Amino acid sequence: MPSFFADAALLPKGWARAVLIEADADGDIKAVTPQAAPGDAVRLPGHVIPGVPNLHSHAFQRAMAGFAERRSPEGQDSFWTWRDTMYRFVGRFSPEDAEAVAAQLYVECLEWGFTGIAEFHYLHHQPDGAPYADRAEMALRHVAAARRAGIGITMLPCLYRHGGIFGRDPVPGQRRFLNDVDGILEIHAGLAAALRGDDNAALGIAPHSLRAVTPAMIAVVADLGGPIHIHAAEQMREVVECLAATGARPVEWLLANAPVDARWCLIHSTHMTEAESAALAQSGAVAGLCPSTEASLGDGIFGLPGFRAAGGRFGIGTDSHVGTSPRDELRQLETSQRLALQARSIATDATHPHPGRVLLDAALAGGAQASGRPIGAIAPGMRCDLVALDAAHPALIGREGDALLDAWVFAGQGNPVRDVVVGGRRVVEAGAHVARAAIARDFAAAMKRLAA
């Protein structure tokens with residue numbers, strides 16, 4: 001049975017010293033004992049925190065990170081022009097490319113401290129839009145990539161049928177994404193069979209957005225089990241179009257017309273009124289924030305203070321993967337608030353003075369909820385997902401406890417993550433993924449084809 005020893009570890013009740021963490025053969029934590037002797041346990045030097053869940057990923061977009069930055073001839077670049085670039089790029093992917101790119105992404109995420117990923121998967125079909133012989137082919141490639149890298153995964157097959165609210169025809173660039181309800185249920189069933197008995201995986205569903213599905217479609221997929229993720233209110237144009245079509249804003253419409261509860265994760269939720277923000281908080285749903293991507297695409301800044309004051313739950317994701325670090329997502333979330341409000345320590349209050357700890361606690365709880373898996377804490381019954389931060393790293397020297405978390409999030413550019421354990425298996429040792437070289441070779445070959 002795997003066991004690990006931490007000089008210091010962040011437990012649900014706070015920091016503890018000399019912590020022995022024992023797991024069973026399935027990778028679940030059996031016992032957590034502070035003030036213990038290490039015995040023959042694997043030592044994890046430094047400060048050990050729970051593995052961080054990444055609640056929003058489009059893995060294929062890792063391959064185009066940095067490729068969509070050049071100014072267009074029109075000089076009016078936005079999320080919508082970026083989307084057109086993505087449509088052109090996505091036509092090149094083979095199933096082999098998708099698996100290679102996803103595996104590389106998952107290695108990078110693991111090396112920075114993400115131990116689980118929620119894959120919002122909509123690259124379903126062949127370049128001409130025809131399904132593969134196995135309709136779940138591309139989704140299963142992501143499962144294979146996750147297993148090769150050793151990351152936990154929540155697969156979220158995405159229902160994407162239309163090109164605008166509600167029922168507008170899709171554009172040619174979207175043809176690889178499109179399914180009707182029967183098509184997505186077939187993919188969902190294929191994934192359910194593939195993931196059965198896999199303790200490192202879960203299955204949910206993702207109606208893409210109000211731009212891509214109808215109310216009737218949302219009602220059907222909402223009856224499936226597991227987490228439900230949907231893009232909402234990412235861009236002001238989306239808000240304007242939703243108001244014109246329905247008389248309501250996107251989050252407002254969802255809360256009034258869909259069974260939004262703790263199973264739901266509304267991705268971005270950038271443009272909400274105070275009333276929407278309070279109502280979303282009261283629903284128990286998670287706001288899925290992707291600060292680096294939201295900054296890259298010019299989406300806007302999430303209203304964190306009001307949402308947090310209303311008791312809102314949130315987690316972080318890397319979305320388009322212009323960044324792959326939980327530290328950087330948390331930093332961007334807090335510093336964007338500082339810029340907007342011309343103040344500091346926005347995520348804190350009198351009883352929680354350390355922004356690094358506040359943001360990490362929220363990301364762990366919200367990410368676990370949105371992933372639909374027993375993760376996000378070092379406690380019996382949870383998955384044995386651990387991240388060891390190197391206390392000898394220049395950014396962390398002399399720091400302990402919550403002050404060390406502040407330094408991890410807000411200081412320096414290096415990576416203090418030393419070791420990572422997922423489901424009781426060490427997948428990162430001394431800062432490097434155990435299969436880094438082989439996965440990088442496959443990724444390089446795929447990128448040469450995609451960039452040709």
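Ala18 lies in strand 2 (residues 14-23), where strands (E, at least two residues) and helices (H or I, at least four) are DSSP runs numbered from the N terminus. The model is predicted, so that local features need pLDDT of at least 70 and side-chain atom pairs count only at pLDDT 80 or more, whereas totals for chains, interfaces and linings use all residues. Residues are numbered from 1 along each chain as its sequence is written, and side-chain values use heavy atoms, with hydrogens and water left out.

The phi angle of Ala18 is near 50 degrees, a positive value in a residue other than glycine. Most residues other than glycine have a negative phi. Ala18 is buried, its relative accessible area being 17%; buried denotes under 20% relative accessible area, exposed over 50%, and partly exposed the range in between (1.4 Å probe, protein chains only). A positive phi, near 55 degrees, is also computed for Ala233, again a residue other than glycine. Ala233 is placed in the loop between strand 10 (228-232) and helix 6 (236-246), and it counts as buried at 0% relative accessibility.

The packing of two helices was also examined. Helix 3 (residues 137-149) packs with helix 4 (residues 181-195) at an angle of about 25 degrees, the axes being 10 Å apart. Axes are lines fitted to C-alpha atoms, for helices over the stretch in contact, and angles run from 0 to 180 degrees between N-to-C directions. Helix 3 and helix 4 are therefore roughly parallel to each other, given that angles under 35 degrees count as roughly parallel, over 145 as roughly antiparallel, 65 to 115 as roughly perpendicular and the rest as oblique. In this pair, Ala139, Leu140, Val143 and Arg147 of helix 3 meet Ile187, Gly190, Leu191, Ala194 and Leu195 of helix 4, contact meaning heavy atoms within 4.5 Å. By class, seven nonpolar residues, one polar and one charged make up the contact of helix 3 with helix 4; Ala, Val, Leu, Ile, Met, Phe, Trp, Tyr, Cys and Pro count as nonpolar, Asp, Glu, Lys and Arg as charged, and the others, Gly among them, as polar.

For the protein chain as a whole, the secondary structure comprises 14 helices and 17 strands. The radius of gyration is 21 Å, close to the 22 Å given by the globule rule for 452 residues, so the chain is as compact as a globular protein of that length. This radius is taken over C-alpha atoms, and the rule is 2.2 Å times the number of residues to the power 0.38. Of the 452 residues, 59% count as buried.
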